[in-house]
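Colleague: Let's go through this model together. Please put the sequence and the structure up.

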Amino acid sequence: MKELQYLNKYFIKYKYHFLLGVIITIVAQFFSLYTPKLIGESIKVIEDTLNNTITSSQAKDLLVVKILKIIGFTLVAGILTFLMRQTLIVMSRHVEFDLKNEVFKHYEQLDLNFYKRNRTGDLMSRISEDVSKVRMYVGPAVMYTINTTIRFSLVIIYMYNVSPKLTWYTIIPLPILAIVIFYVSVEINKKSTIFQQYLSKVSSFSQEIFSGLRVIKAYALEPQNQERMEALAYESKTKSMSLSKTQALFGPLMITLIGVSSLVVIYIGGKMYIDGEIKSVGTIAEFILYVNMLTWPVASIGWVSSLIQEASASQKRLNEFLNTEPEIKNLAPNDTTAIQGKIEFKNVTFTYSDTQITALKNISFSLNVGETLAILGKTGSGKSTILSLLTRQYDIEKGEINLDNTNIRSLNLQNLRQAIGIVPQDAFLFSDTIENNIKFGNENAPFNMIEDAAKKAEVHHNIMQFNQQYQTVLGERGITLSGGQKQRVSIARAIIKNPKIMLLDDCLSAVDTETEEKILQNLINITQSKTTIIVSHRVPSAKNADKILILEDGQIIQEGTHNQLINTEGYYKELYYKQLSEKEIE
Ligand SMILES: Nc1ncnc2c1ncn2[C@@H]1O[C@H](COP(=O)(O)OP(=O)(O)OP(=O)(O)O)[C@@H](O)[C@H]1O
């Protein structure tokens, strides 16, 4: 279980909670274990009356005292057990909270390559399922282990003090039945894991169906999906029935466990009483109650051990991931140099490690502060890759990328990314209000800035048409924007960030040409003092740029200004005339 050693730092952090929990457990056990003794003594009082050792009125008084004591002890034991749970379970909630934060913080530091290697569902389950399984270890498993150990030791000591012989007979059946119960618990766990897997299959299948509902309806695929769902549901029903069958064994086994041990106590205890080895029938009653107190902890051994096994498997998965170092390292976390925006690519060659696709080959260009570069080229020619490299989503092996004459690897990564405003190809909006989606670019922006940015992105008039206007909720709980509207909200988000460098990755592809013209005009004013790179498939986005690069298969095949390129045979001139004639048709 060395995986679980990772949690030692949390046990140290919450040592006072832990120690307090252990102390309360010990005290609670003393109180709860005293009750059977008091019951035994009460029976002895009745016996003494029958034997005429004490008078009946003395006996009644004594019985009242005993009963009051039993009530008092039970009450105190109950309160202490509540406090024990509160202390240890609350500690486990603290650990869960810390661990979740630790995992989430680590997720945020990891780079895109990590996310390509791991499936989203898997990442989500680490932060929810794995962390909560670990919590079950820190909380209930540790609590039951402490409780069981203390209870077991104290009960045995108590019983041994009264009668060592009867103690041996009482505990003999326990290990045998404990082993049987352990195996049943292991079986229950196995079956429950399989059942859980089927449940999650059913839920991810339904999730997929819900997200692909439009396509399913369009292709009239409902009957096929119904069949697949029925097959999955049937499998999960079978697994659930098999689990219930094994679970149903648990209760009778427990009754047997208690019953057999109690019978042994009655038989052996009775014989000992007849032979005069024990003095009171109360002792037999006391032992039967102890047997009852021992059986539940014994039965919980199976459950606790499977909790520990599950937690250690989960912690192993968490450790694997927590030990994954981010490939993109921030080598200058304390650097506070303000970025101006001069960009230089020097003989940059880049291959994606997973696909082994060389997306850029020997790329060189430079851009002064405030200049605009447009990058055009066929799909897959490497345009977006240039932007990804500039924001250090990936590091290059060959060549150099400089910002303000400094290699970007030597800059503070946070500073670098904060200086860049990027409008990606697939605009991503959060399930939140439009205002908050735009504000994402600048948390402190006042409302008039948000409105202004939306106007410049030509989306303000669309937003005003919604009932809730800027408070309209997007996403699953709200409305769906059109592709072009999404792109424009995403542009507004970048505008409000007011970055030194603006990267626009084909962000007007879903916008009509008239709106495109308007946005481009607005962008000219906004990006005047900013270094800007526009990736596009359309000439209007490029024609005002200071420089245009044409990429093909990761290489620069043409470069120049709009005027130079329309007078040179090649991709740009062809594109220009093609789009010009399309406009004529319009
Ligand atoms: N994350 C990635 N992992 C592996 N290969 C990638 C990745 N992104 C792009 N590629 C590959 O690198 C090449 C260049 O892709 P890139 O996205 O830079 O092209 P693009 O010119 O921006 O294309 P488009 O105009 O379609 O957006 C392509 O062959 C693509 O398959």
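This is a predicted model: local features need pLDDT of at least 70, side-chain atom pairs count only at pLDDT 80 or more; totals for chains, interfaces and linings use all residues.

Colleague: Which residue in β4 is the bridge partner of Lys346?

Modeller: Within β4, the bridge partner of Lys346 is Glu400.

Colleague: What strand order does the open sheet have?

Modeller: The sheet has four strands, with antiparallel pairing. β4 in turn joins β5. The order is therefore β2-β1-β4-β5.

Colleague: Why is one side of β2 and of β5 left without a neighbour in the sheet?

Modeller: β2 covers 358–367 and β5 covers 406–407. Both stand at the edges of the sheet. One side of each is left without a neighbour because each has a single partner strand.

Colleague: Which residue of β2 is the bridge partner of Val348?

Modeller: The bridge partner of Val348 in β2 is Ile363.

Colleague: How many residues lie between β4 and β5 in their hairpin?

Modeller: β4 and β5 run antiparallel, joined by two bridges. Leu403 stands opposite Thr406 in β5. In the turn, Asp404 has a positive phi of about 50°. The number of residues between the strands is two.

Colleague: On to the ligand. How many residues surround the ligand?

Modeller: A residue counts if one of its heavy atoms lies within 4 Å. Lys116, Thr379, Ser384, Thr385 and Gln425 are the closest. The number of residues around the ligand is 17.

Colleague: Which helix gives the most to the shell around the ligand?

Modeller: Helices are DSSP runs (H or I, at least four residues). The top contributor gives three residues to the shell and spans residues 383–390. That is helix α11.

Colleague: How far is a polar side-chain atom of Thr379 from an oxygen atom of the ligand?

Modeller: Polar contacts here are pairs of N or O atoms within 3.5 Å. A backbone N or O atom of Ser381 lies 3.1 Å from an oxygen atom of the ligand. For a polar backbone atom of Gly382 the distance to a ligand oxygen is 3.0 Å. For the side chain of Thr379 the distance is 2.5 Å.

Colleague: Now the pockets. What is the volume of the largest pocket?

Modeller: On a 1 Å grid over the protein atoms alone, a pocket is an open set of points with protein on both sides within 12 Å along at least five of seven lines, and lining residues have an atom within 4 Å of a point. Volume is the space filled by probe spheres set on points joined across faces, edges and corners. For the largest pocket it is about 1,700 Å³.

Colleague: How many residues line the largest pocket?

Modeller: Leu112, Gln393, Arg417, Ile422 and Phe440 are the closest to its centre. Elements that each supply at least two lining residues include α3 (56–109), α4 (112–117) and α11. Others are α12 (413–418), β6 (420–423) and α16 (483–497). The lining of the largest pocket has 33 residues.

Colleague: Which element gives the most to the lining of the second largest pocket?

Modeller: This pocket holds about 1,400 Å³ of space. Among its 39 lining residues, Glu129, Lys133, Gln196, Gln197 and Ser200 lie nearest the centre. Two or more residues come from each of α5 (120–162), α7 (173–211) and α10 (281–322). With 16 residues, the top contributor is α7.

Colleague: How much space lies in the largest cavity?

Modeller: A cavity is a set of points where a 1.4 Å probe fits but cannot get out. The count comes to one cavity of 30 Å³ or more. The lining of the largest cavity includes Leu504, Asp506, Cys507, Ile534 and Arg538. Its space is about 60 Å³.

Definitions and conventions. Residues are numbered from 1 along each chain as its sequence is written. Side-chain values use heavy atoms; hydrogens and water are left out. A polar contact is a pair of N or O atoms within 3.5 Å; within protein, one must be able to donate a hydrogen and the other to accept it, and residues adjacent in sequence count only if both atoms are side-chain atoms. Two strands pair if DSSP finds at least two bridges between them.
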